[in-house]
Amino acid sequence: MIRISGGKKRGRHLFTLDDPDLRPTSGKVREALFNILGEKINGVQFLDLFAGSGLVGIEALSRGAAHCTFIEKDFRHFKLLQKNIERIQFQNDATLIEIDALKFVKGPSQFDLVFVDPPYASKLLEKILPALGGSDMIEKGGMIIVEHFKKLTLDPIYGRFSLLKSYAYGDTFLSIYHASEKGNS
């Protein structure tokens, strides 16, 4: 089991699977992420792409996000995600969609913060970040937070998103991108 590290559901346990493709974000990285976001998490529309167990999105809800949309295409991970949302009783604050993340970002939606954490070896960041950068799904002033392996070099600009800062936590990096304006550029 894994544990929520902050907010109104702090200390509650979530289920996980013994699956090499499921890599829940460590407590250290989650704590750092939400320290970076601070009060910006309050009342936001949060998107958890490649949600897996749902840990980061659930933590966002626990810490004050108004709503979280969870995207997960793997059937076993999606069932785990549903089980965790029910366990924490966030059904009214969450939308769960079983779909490929690349297909989802092509559709219309509006989010303030997007968390992107695909499997490290998948090379999906090379596709998803340009797709997000060219979409209208993130509000003006919104952010993309990318969790990635430290040896992966990301571009400083994706469409209307520019890299604000990257933070290192062992082998994990958090790279924060900020939206300049709504619409494609």
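This is a predicted model: local features need pLDDT of at least 70, side-chain atom pairs count only at pLDDT 80 or more; totals for chains, interfaces and linings use all residues.
Between which two elements does the loop with Phe 50 lie? Phe 50 sits between β3 (45–49) and α2 (55–62).

1. Phe 50 deserves a look at the backbone. Its phi is positive, about 55°, although Phe 50 is not a glycine. Most residues other than glycine have a negative phi. Phe 50 counts as buried because its relative accessibility is 18%, and buried means under 20%.

2. Gln 89 also has a positive phi, near 65°, and is a residue other than glycine. Its place is the loop between α3 (75–88) and β5 (94–97). Gln 89 is exposed, since its relative accessible area is 57% and the cut-off is over 50%.

3. Turn to the aromatic pairs; the structure holds three. One of them joins Phe 104 and Phe 111. The pair is tilted, with 6.3 Å centre to centre and 50° between the planes. Phe 104 and Phe 111 are both buried.

4. Tyr 120 and Phe 149 form another tilted pair, at 6.0 Å centre to centre and 50° between the planes. Tyr 120 is in the loop between β6 (111–116) and α5 (125–133), and Phe 149 is in strand β7 (residues 138–149), so the pair ties together parts 29 residues apart in sequence. Tyr 120 counts as partly exposed at 30% relative accessibility. Phe 149 is partly exposed too, at 30%.

5. Check the lysines over rings. The charged end of Lys 9 sits over the ring of Phe 90, 5.4 Å from its centre. Lys 83 lies over the face of Phe 15, at 4.2 Å from the ring centre.

Note on methods:
Residues are numbered from 1 along each chain as its sequence is written. Side-chain values use heavy atoms; hydrogens and water are left out. Helices (H or I, at least four residues) and strands (E, at least two) are DSSP runs, numbered from the N terminus. Buried means under 20% relative accessible area, exposed over 50%, partly exposed in between (1.4 Å probe, protein chains only). Rings of Phe, Tyr and Trp (its six-membered ring) pair if their centres lie within 6.5 Å; planes under 30 degrees apart count as stacked, over 60 as edge-to-face and the rest as tilted. A charge sits over a ring if NZ of Lys or CZ of Arg is within 6 Å of the ring centre and within 35 degrees of the ring normal.
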